[in-house]
Amino acid sequence: MIWSALAIASATLGVGLALVALLRWLPTVRLQLVGLALLAVCLPLGAVLLSGWVMFHMGDDVKILAVSAASAATAAVAGLALAQSVARSVERVRRASVSLAGGDLTARAPESGPAELADLATSFNEMAQNIGRLFDARRELVAWASHDLRTPLANMQAMLEALEDGLAEPGDYLPALRDQVRTLSVLVDDLFELARIDSGQLTLELRATPLADVVASCLRGVAAEARHRHISLASDVEGGVRALAAPDKIERVLFNLLTNALRHTPSDGSVAVVVQGDGREIRVTVEDSGEGLEPEAQQRMFERFWRSDRARSSRGAGLGLAIARGLVEAHGGRIWAENRPGGGARVSFTLPAAQGT
Ligand SMILES: Nc1ncnc2c1ncn2[C@@H]1O[C@H](COP(=O)(O)OP(=O)(O)OP(=O)(O)O)[C@@H](O)[C@H]1O
Ligand SMILES: [Mg+2]
């Protein structure tokens, strides 16, 4: 008797495992669930029937077969209903993904149904939202880039036409033409730098960089303009601080912050650079006594092509801080802006300190 029971139990286990393996080959979730429901009912029933026949020579076959058929049918119906509802939730996410793939960036999946499927729909919606945001940013970037490229090109064309028509002497327009070419090449260089930052192809030759040298070189670069506009320039660099950084990139960041500070500070104002280190991190701050930052500027000034309405007529393209952020983050640092308590803006960034600072 014990051997028959063991044989039936192992046969049931074997058949169950084989059928589960086969179920996985069914083509839809719906069929798999119905199959699972049938299996869950029929297999134990089959085992009970077999035991009855083998062990007790039971004769009530018809009744037992009727009970088996009824419970199998119930299981199939329940499985089908459950499969239908699961399949409907899956189908909603599938339909949204087909629309998204077809270019409809507003496609979203309803976040309902069983927890796992609701989570799937939530992740899908977040992904769709991020893709939409990226597309908007790209559209804006192209719009602003073409606008900023068109302006100097139109100016140059007007000057060249005036020269062709003999309305001016070449010497009259040469400096202006050179200025326009410079504007264009700065813009193209900036766009190129941004593209390299985006694609992760930026190569940073990191070395222990004494920040006093970087600050001195940038201050030299803006000294003439500051003198011309009667703006005082000051620096306070903690002795011996060295950052693990690519000096040319850090110079570019600091130069942009200084140019911005000068641009937004009226005559007789002041601009200062402060460098402090705490052994792990070095903080560089550029402060000015200018107009300060409006709440929108504080939030958006690091976006590409963003300029405040006040600054829109200025010569900048609105790329400097976006590049600065890309470069600082590529060094593993942070950059942020705030208003100074006494008026004016303060933009700071951090860099990792070089060993032994
Ligand atoms: N020190 C500051 N004070 C007030 N506003 C500032 C200051 N620095 C930046 N901003 C605001 O942030 C905007 C973006 O600065 P960003 O350096 O990216 O561009 P830009 O200086 O206008 O042009 P670019 O740097 O490409 O020549 C500026 O146009 C200005 O509105
Ligand atoms: Mg700038």
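# Ligand shell and salt bridges

Modeller: R307 is buried, with a relative accessible area of 9%. Please keep in mind that this is a predicted model.

Biologist: Thanks! Which residue forms a salt bridge with R307?

Modeller: In general, side chains of opposite charge can pair when their charged atoms come close. For R307, the closest N and O atoms of the pair are 3.6 Å apart, inside the 4 Å limit for a salt bridge. The partner of R307 is D148.

Biologist: How many residues apart are R307 and D148?

Modeller: R307 sits in the loop between α8 (295-300) and α9, while D148 belongs to helix α4. D148 counts as buried because its relative accessibility is 11%, and the cut-off for buried is under 20%. The pair links distant parts of the chain, its members lying apart by 159 residues.

Biologist: Helix α4 interests me. Where do D136 and R139 lie, and why do they count as partly exposed or exposed?

Modeller: D136 has a relative accessible area of 41%, so it is partly exposed, whereas R139 is exposed because its value is 52%, over the 50% limit. Their side chains meet in a salt bridge of 3.2 Å, N to O. The two are three residues apart, about one turn of the helix, and both lie in helix α4 (residues 115-164).

Biologist: Which residues are linked in a network of salt bridges?

Modeller: For the whole model, the count comes to 17 salt bridges. The linked network is made of D190, E193, R196, K249 and R252.

Biologist: Let's turn to ligand 1. Which side chain places a polar atom 2.8 Å from a ligand oxygen?

Modeller: Ligand 1 has 20 residues around it, and N260, R263, G318, L319 and L321 come nearest. An N or O atom in the side chain of N256 is 3.0 Å from an oxygen of the ligand, and a polar backbone atom of A317 is 3.1 Å from a ligand oxygen. The 2.8 Å contact comes from the side chain of N260.

Biologist: How much of the accessible area of ligand 1 does the protein cover?

Modeller: On its own, ligand 1 has 600 Å² of accessible area.

Biologist: Which element gives the most residues to the shell around ligand 1?

Modeller: By class, the shell has nine nonpolar, eight polar and three charged residues. The elements giving two or more residues to it are α7 (247-263) and α9 (320-330). With four residues, the one that gives the most is α7.

Biologist: Is T285 buried or exposed, and which side chain does it contact?

Modeller: T285 is found in strand β5 (residues 281-288). At 8% relative accessibility it counts as buried. A polar contact of 3.3 Å joins its side chain to that of S348.

Technical notes: Residues numbered from 1 in each chain as written. Chains lettered and ligands numbered in written order. Predicted model: local features only at pLDDT ≥ 70, side-chain atom pairs only at ≥ 80, totals over all residues. Heavy atoms only, no water. Near = heavy atom within 4 Å. Polar contact = N/O pair within 3.5 Å; in protein donor to acceptor, adjacent residues only side chain to side chain. Areas by Shrake-Rupley, 256 points an atom, 1.4 Å probe, with all protein chains shown as cover. Nonpolar A, V, L, I, M, F, W, Y, C, P; charged D, E, K, R; others polar. Buried < 20%, exposed > 50% of the residue type's maximum accessible area, 1.4 Å probe, protein only.
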